[in-house]
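Biologist: Could you pick one part of this model and take me through it closely? Once that's done, I'd like to hear how the rest of the chain is put together.

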Amino acid sequence: MPAMLPVPDSAAPRLAGVLGSSMSAVRGIPNELGLPSATAVVVVLIDGLGAANIRARAGHARFLASRMAKRDVIRTVFPSTTAAAIATFTTGRSPGEHGLVGYRVLDAANDRLVNQLNGWDAGMRPETWQRVPTLFETMRDAGIPSYAIGAARYSDSGFTHAVLRGAEYRPAASVADRFAEADRILATGERAVIYLYAPELDQAAHAHGWESDTWLGRLESLDGELAAFERRMPRGVGLLVTADHGVIDVPAHRHVFLDDRPELLERVRHVGGEPRCIALYAEPGLEASARIALAERWREVEGHRSWVLSREKAIRSGLYGEVAGDVRDRIGDVIIAARAGIAYYDRREPGRQAEAMIGQHGSLSDEETRVPLIRGGVFGRD
């Protein structure tokens, strides 16, 4: 029997409220997270660090683990993938509103799949494809400066222009360099919000797995940098540490190949999404009854280990939040979100490098969707 769909609790704290609450704390006004007033706020977003990952390696992440109480776990978005989650973090809006509803999604106007992280081009303009103002723009209009600190290679990317517009980008190579840049901004005494991005754990998880020694070493290093940074922060500054998603390891023997069942791909024009959350896009003009039948066929075959949803069911369930009319077609006609520890691949793809990735995310499991919201500085005082 298919598993019950984990419907989001709209009242629970979520990633969407983190940056807006930080802005309100700097302004000294009430906010969703109940943060007290702060002279400045630093928000560290660690790519690929779930609450379960911290708990499982608590002895190697003493700062993070010791600070993560029950109230300091929140939910990220669906799908639990970087493009959708960071866009929600920086806009305060759901994927269905801002428009980045997955890793690879349909650009119906051009009959193609587009990569939301690195596929930006003239046909997918950042300022219109990501369709809502960012909170950095809101801060700028309110007279609050904001800074985004990350690697130099991201400074002029399409994704940066889509989700960080309104912030001043400060490039810094290593984790230590990024915290040093945050130190320099704080030393000015400016009332500001600083966003610091750390992708190193996600990169290590994809390449080696989160249970690897490489991932563990990077966790220990990042944990130490966070602890040292909090100790030297000026009084009155607030610190928040969160993540876009968690990660699970999927070894090669748990790969599921879509092309093994070619009858399930009949009348499917594009296979998008990512390995833990596949999006099937039907041939244009396929009648509604045939789309329903497509979802039912997939549910019969994969329902024992994945949530299989039609687009309509996914939207009605609130998984994408409110969905704007011009975003609807970006969501797959059928969504296959892995429940078991598997990952889906299509060997018809011209490039199959993704099959080498061990750490995965994108689906609805607690390991992927429950992320930390750790409070430090003036926010960490009872």
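Modeller: Helices and strands here are DSSP runs, numbered from the N terminus: a helix is H or I over at least four residues, and a strand is E over at least two. By that scheme, R267 is found in the loop between β10 (255-257) and β11 (268-274). Before going further, note that this is a predicted model, in which local features need pLDDT of at least 70 and side-chain atom pairs count only at pLDDT 80 or more, while totals for chains, interfaces and linings use all residues. Residues are numbered from 1 along each chain as its sequence is written, and side-chain values use heavy atoms, with hydrogens and water left out.

Back to R267: its phi is positive, about 70 degrees, although R267 is not a glycine. With a relative accessible area of 47%, R267 is partly exposed, a label that sits between buried (under 20%) and exposed (over 50%), using a 1.4 Å probe and protein chains only. D111 is also a non-glycine residue with a positive phi, about 50 degrees. You'll find D111 in the loop between β3 (104-107) and β4 (112-115), and at 33% relative accessibility D111 counts as partly exposed.

Now to D72, in the loop between α3 (62-67) and β2 (73-75). D72 has 3% relative accessibility, so D72 counts as buried. In sequence, D72 and I374 are 302 residues apart, yet their C-alpha atoms are 5.5 Å apart in space. Beyond its neighbours within four places in sequence, D72 is in contact (heavy atoms within 4.5 Å) with R67, V371, P372, L373, I374 and R375.

A cis peptide bond, with omega about -5 degrees, joins F78 and P79, and P79 lies in the loop between β2 and α4 (82-91). In α4, 10 of the 10 residues are buried, so α4 is largely enclosed by the rest of the structure; among them are T82, I86 and F89.

Next, a helix pair. Two packed helices are described by the angle between their axes and the distance between the axes. The axes of α10 (residues 200-208) and α11 (residues 213-232) come within 9 Å and cross at roughly 170 degrees. Axes are lines fitted to C-alpha atoms, for helices over the stretch in contact, with angles running from 0 to 180 degrees between N-to-C directions. α10 and α11 are therefore roughly antiparallel, the label for angles over 145 degrees. On the α10 side, the contact is made by E200, L201, Q203, A204, A205 and H208, and on the α11 side by T214, W215, R218, L219 and L222. Those residues divide into 6 nonpolar, 3 polar and 2 charged; Ala, Val, Leu, Ile, Met, Phe, Trp, Tyr, Cys and Pro count as nonpolar, Asp, Glu, Lys and Arg as charged, and the others, Gly among them, as polar.

Stepping back, the protein has 14 helices and 17 strands. Its radius of gyration is 20 Å, close to the 21 Å the globule rule gives for 382 residues, so the protein is as compact as a globular protein of that length; the radius is taken over C-alpha atoms, and the rule is 2.2 Å times the number of residues to the power 0.38. Of the 382 residues, 57% count as buried. Among contacts between residues at least 6 apart in sequence, 74% join residues at least 24 apart.

Methods
Parallel < 35°, antiparallel > 145°, perpendicular 65-115°, else oblique.
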